[in-house]
Amino acid sequence: MAATLPAAGATQEARPFRLSKYLSWSLDHKVIGVQYLVTVFTFYLIGGALAMLIRVNLLTPDSMLFIDKSTYNAVFSMHGTIMIFLFLVPVWAGFGNYFIPLMIGAKDMAFPWLNAFAFWLLPPAGLLLILGWIVGPPQAGWTAYFPLSGPIYSRADGQTLWAISLHLIGISSILGAINFIVTLKNMRVKGMGWFQMPLFCWSILATSIIVLLATPFLGGALTLMLFDRLAGTNIFNPATGGDPLLWTNVFWFYSHPAVYIMIVPGFGILSEVLSVFSRKPIFGYKAIALSSMAIAGLGFTVWAHHLFTTLAPWTRVPFMITSMAIAVPTGIKVFSWLGTIWRGKIRFTTSMHFALGFLSLFVIGGITGVLLAAIPVDYQAHGSYFVVAHLHFVFFGGSVFAVYAAAYYWYPKITGRMMDERLGKFHFWLTYIGFLLSFLPMHISGLYGMPRRVAAYDPKFQAINILTSFGAFLLGVGQLPFFVNAATSFVGGIRAGNNPWRALTLEWQTSSPPPEENFFDEPVPAPDPYGYGTPEAASYLAGDHRPRKLAAEAGLGTNPLMPVPDMPDMPTTSEDKPVSGDR
Amino acid sequence: MTTKYPAPQETTPGQQLSNNRLLITLTIIALSLVFACLIYSNFIVRNAQGSWPPAGVDRMDSLTPLLMTAILILSSGAAIMAVRSLKAGQRGPLLTYLYVTIGGGLIYSVWMLAFLARLLTTFNGVYSALFLALWFVHVVHAVAVLLYLGYVTAQVRRGRYSVAEGWFPLEGSTNLWHFVTIVWIVLFVVLYIV
Amino acid sequence: MNSKLILRLAIIGVVLLVIGAIAGALNPFMPARASAEANATDSLFNVMIMIGTIIFLIVEGVLVYSILRFRKKPNDETDGPPMHGNTALELVWTAIPAIIVTFLSVAAFSVFAATQVPRDNELVVRVKGQQFVWSFSYPHDPSVNMRASDVLVLPVDQPIRFDIEAADVMHGFWIPEFRIKQDAVPGRITEVRTLPTLKGEYSVVCYELCGSGHGVMRNAVKVVERSEYEKYLDTLIVRPPAKPAPGEHTPEWGKYLIISATYACGGCHYLPDANIAGVTGPTWVGIGDRAATRVPGQDARTYLQHAILYPNEYIVPGYPANVMPQNYAEVMSDTDLNSIVDYLLQQKAGQAAQAK
């Protein structure tokens, strides 16, 4: 009898890596996931380089690098646009594409062709955006308010290319979201009810709903912008009856939910990583799952907190209330995560470093967020470096740290190799310290009167700006170890085995990397994907899936808090032994 | 004695159908929101003017658009009949109804594209700008759905789709066509009646 | 919960409250308070800092404590205790933040509402934002010709209302020491109120990206005694100088003609000394030096006279023909013409600025 399955604990034989597979059209969600990740990290490097240019320019109060200050405006406009639309929004499509089918025990996403199509919209969209440099780059910020972004004050065609590029990115985003929603709803393996789904899946579900409902509004606004720029209409031009605030409102109606698109999957990652590396169940699973959905819903009601200095005064008040309210489900998550690590047995892997770093930085971003939600305080902080500080604490201290946590966590599954932990920790500390040095001081310069998006500033802010810039240079340099690590570990890292972290979620119950059809046999989910410390989890990790499988089929064992009755002995042979979790 | 586990779950035809239906539903939701955004914008800009149409601007002729409304409703009706024919196994009528649907759609699209081309050269401020924007987005989507319907018709001519074999592309494309018609009716009301 | 735990928690709670109170009262995060709004806003801000500090210390404290205390012990590969949740605790940490944000919403609302109430005897200053400078028009008797200023001078303890307009793109009107901020939106007039309470020098800063000069769009603000304010207003009044006798001409008369827009020169020409900032036509800065070099054979005065009366005779390179009005020859008297030319001839580089 030929063994049809790898024996327990066996490591995956190295399959030859073919670069051409990743450079061409593929329907395999794992290939598409890697294509997404490599693409978005490339744009991350470009966006980061632009940030370094910004910080060099701000070393002196008089725009030392860019004599023509409109070039500076182009640099930060591109920095923001690239980091948001070409990195933080699609990166979760990348991780989601690779891991959602694995985590729910499916062979692929619901619509493999649509999946590939959605990805392949991204590189041309990015190229189109960057091509804007040649014809005259956009200079109106990533928010592109009218009339500055209109045909009179932004004559350069780069602003038009910006609008077309964002259209393509939006379509890609929506198609991906539809794919995720259908996959998560219809293709979970038998035995995995909604509340046995890992929290990363919940977070992708919530995010996809946001994308589906919000991105069309960006599409509508961009369409009208293109008409104003190309067809001579005057929808946003006040001189001829249009309304510049129409753009502002519709833009933020998308862009506020967009920030939740960028962070909510990060919340999902945090639940995975904190639980696995504390060896404890996630504290308050249902609360975290449902609070993600609450944040998705509430996120649609807060957008005009970006407009506290713009709207008619009394219309500002409801948005203060909703913006304060959204702190509550977010707080629930933070406290639940603290409850997860409390009394755990923490393994300080690099992934865990970034997850803990996220917790320490995101709470600061959350507190400054509540400060901004109070209208009178916002009067001082809006449009200043205080906001730049807040957004980087949540985008970088939050989302990017979660991206790194995910990368270090899942790299072994994707490549079959472990990343170097020492280099990883070095990466973490350079990033953490550089980040604090760079962005903490901005809170002060903002409140003291330094507006954002300025190539030149009042000389009294120079000392803070020098400190910020040196922190930023440290932060920038500090990202290089990650890329070096990713590259060298790929060829020389220790082989990972199926489940180096001894995790309970389904992606770890197959080889690293997984075979093309994802699993060697029918995947059997753990009754509780966070059941660390329970005897069921111990036996699951020891390879004994079968009682769970039969129990699941019988409709039992789907409640993680209810013990599963003993099952009768089943015949076993070496052929029947399922893939084991242990390394 | 060996117990072989079955291969990892293949997507069953039933599951694929469920997936496809959800795809169409979610697509229609997303597209509805694009039009909701444009309709909202229309009202905001409209309210910023003193009167509607603004002073000195002629009202757009609504007779031909009304005719187009009738044509689109008829084409949707033909699409419904096409689906009924397939379910009754009548290939001939199925094809005929599909041709009528596409024919109606083509008449609308050609008229609209010509109208918009003319409008581009003669427009006069926000009044025509809104017509231009809203109608353009509509006809772009109508043409896209027409292409899908064209593909489905070609497949029907090759003998594909039946109750036994499955006929989702016909269902999906006709549902999308109904969506095109409904959006047209809403836009017509918003632009000409309200 | 045993009594030792309760005692520990109580001590931690008191310590946190003290630290929070100190942070709230003594934090240096806000600049000088120069208005009633600043006082109200900072009180709110300090309360929020106090609460934020406490939350920060709790979260970071639990985090650091967990990192130190709950490390995996060497050679212990077992899992932690399977705690799935604690409903009571979860309800507490949902309810307390909800109460806090409700309280903060009410507090913030009351500070906000106070800023919306018009005060008695408000002084209305019109503010214009344009690329890349603010200008201010003070209230005055309509029969008096008062020019706009690029310095904002305000009497202390006087309620002010700013009516703000944007001439080109969106701008943002912000006086950090007053804690007031309001967008300037083209096509509408927006307003914001304040009551300056502290004399001193501050700045009004543009915070809404408005183009390449956004970073330098900063003007001075001076809060002074009412008498000084009145004196300042007096300097803004454009009093016509004595009109020259027929056949004579003076540069002061020429300057007055330009400032008072009698011939609409300022619509197209740029000369800060005369408070005009047009960009359609050639700048007048340094024109006294250039005039003689334009057309061979024409001295400076002749050139300037012809440029006004017969504009199409010579077009400065880079500018279009047929934009300058063609009818000054019919409507401008010799006195007016030569007075204007006198004044323009004074515009030379290195010339000491005219005493205002």
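Visitor: If two strands count as paired when DSSP finds at least two bridges between them, what is the bridge partner of Glu201(C) in S9(C)?

Guide: This is a predicted model, and in it the bridge partner of Glu201(C) in S9(C) is Lys222(C). The two strands concerned are S8 of chain C, residues 200–206, and S9 of chain C, residues 218–224, which pair over six bridges in the antiparallel sense.

Visitor: What order do the strands of that open sheet in chain C come in?

Guide: Five strands make up the open sheet of chain C, in the order S3-S9-S8-S5-S6, and the pairing is mixed. Its edge strands, each pairing on one side only, are S3 (152–155) and S6 (180–184) of chain C. On average, neighbouring strands of this sheet are turned by 20° against each other, with direction ignored.

Visitor: And which helix packs on the sheet?

Guide: That is helix H4 of chain C, residues 226–236, which touches S3 and S9 of chain C and whose direction makes about 140° with that of S3(C).

Visitor: Let me zoom out a bit: what domains is chain C divided into?

Guide: Chain C has domain 1, made of 3–68 + 90–116, then domain 2 at 123–236 and domain 3 at 251–345. Taken over C-alpha atoms, the centres of domain 2 and domain 3 of chain C are separated by 31 Å.

Visitor: Which chains share the most contacts?

Guide: There are two pairs of chains in contact, and of these chains A and C share the most contacts. Their contact takes 67 residues from chain C and 75 residues from chain A.

Visitor: Which elements give two or more residues to the chain C side?

Guide: On the side of chain C that touches chain A, those elements are helix H2 (36–69), helix H3 (87–116), S6 and S8 of chain C. The largest share of that side, 14 residues, comes from H2(C). By class, the side of chain C that touches chain A holds 38 nonpolar, 18 polar and eleven charged residues.

Visitor: How far apart are the closest C-alpha atoms of chain B and chain C?

Guide: They lie 10 Å apart, and no contact joins chain B and chain C. Chain B does meet chain A, in a contact that takes 33 residues from chain B and 41 residues from chain A. On the side of chain B that touches chain A, helix H1 (13–47) and helix H4 (126–157) of chain B each supply at least two residues, and the largest share, 16 residues, comes from H1(B).

Visitor: How many residues on that side of chain B are nonpolar, and how many are charged?

Guide: The side of chain B that touches chain A has 23 nonpolar and ten polar residues, with no charged ones.

Visitor: Staying in chain B, at what angle do H2 and H3 pack?

Guide: Helix H2 (residues 63–88) and helix H3 (residues 91–122) of chain B pack at about 160°, and their axes are 8 Å apart. That angle makes H2(B) roughly antiparallel to H3(B), and the crossing of the two helices is left-handed. Among the residues of H2(B) in the contact are Met68(B), Ile71(B) and Leu72(B), while those of H3(B) include Tyr108(B) and Trp111(B). By class, the contact of H2(B) with H3(B) has 17 nonpolar, five polar and no charged residues.

Visitor: Now chain A: how do H5 and H6 pack there?

Guide: Helix H5 (residues 122–135) and helix H6 (residues 158–186) of chain A pack at an angle of about 170°, their axes being 8 Å apart. H5(A) and H6(A) are therefore roughly antiparallel to each other. In this contact, residues of H5(A) including Leu128(A) and Trp133(A) meet residues of H6(A) including Trp162(A) and Leu168(A). By class, 13 nonpolar, four polar and no charged residues take part in the contact of H5(A) with H6(A).

Visitor: Last one, what domains is chain A divided into?

Guide: Chain A is divided into domain 1 (31–492) and domain 2 (497–583), whose centres, taken over C-alpha atoms, are separated by 35 Å. The contact between them takes 28 residues from domain 1 and 26 residues from domain 2 of chain A. On the side of domain 1 that touches domain 2, helix H3 (69–104), helix H8 (244–278) and helix H14 (385–415) of chain A each supply at least two residues, and the largest share, five residues, comes from H3(A). The residues of that side of domain 1 of chain A divide into 15 nonpolar, seven polar and six charged.

Terms used: Residues are numbered from 1 along each chain as its sequence is written. Chains are lettered from A and ligands numbered from 1 in the order in which they are written. This is a predicted model: local features need pLDDT of at least 70, side-chain atom pairs count only at pLDDT 80 or more; totals for chains, interfaces and linings use all residues. Two strands pair if DSSP finds at least two bridges between them. Helices (H or I, at least four residues) and strands (E, at least two) are DSSP runs, numbered from the N terminus. Axes are lines fitted to C-alpha atoms, for helices over the stretch in contact, and angles run from 0 to 180 degrees between N-to-C directions. Two residues are in contact if their C-beta atoms, placed from the backbone, lie within 7 Å. Domain bounds come from an automatic or database domain assignment. Ala, Val, Leu, Ile, Met, Phe, Trp, Tyr, Cys and Pro count as nonpolar, Asp, Glu, Lys and Arg as charged, and the others, Gly among them, as polar. Angles under 35 degrees count as roughly parallel, over 145 as roughly antiparallel, 65 to 115 as roughly perpendicular and the rest as oblique. A crossing is left-handed if the near helix is turned anticlockwise from the far one by less than a right angle, and right-handed if clockwise.
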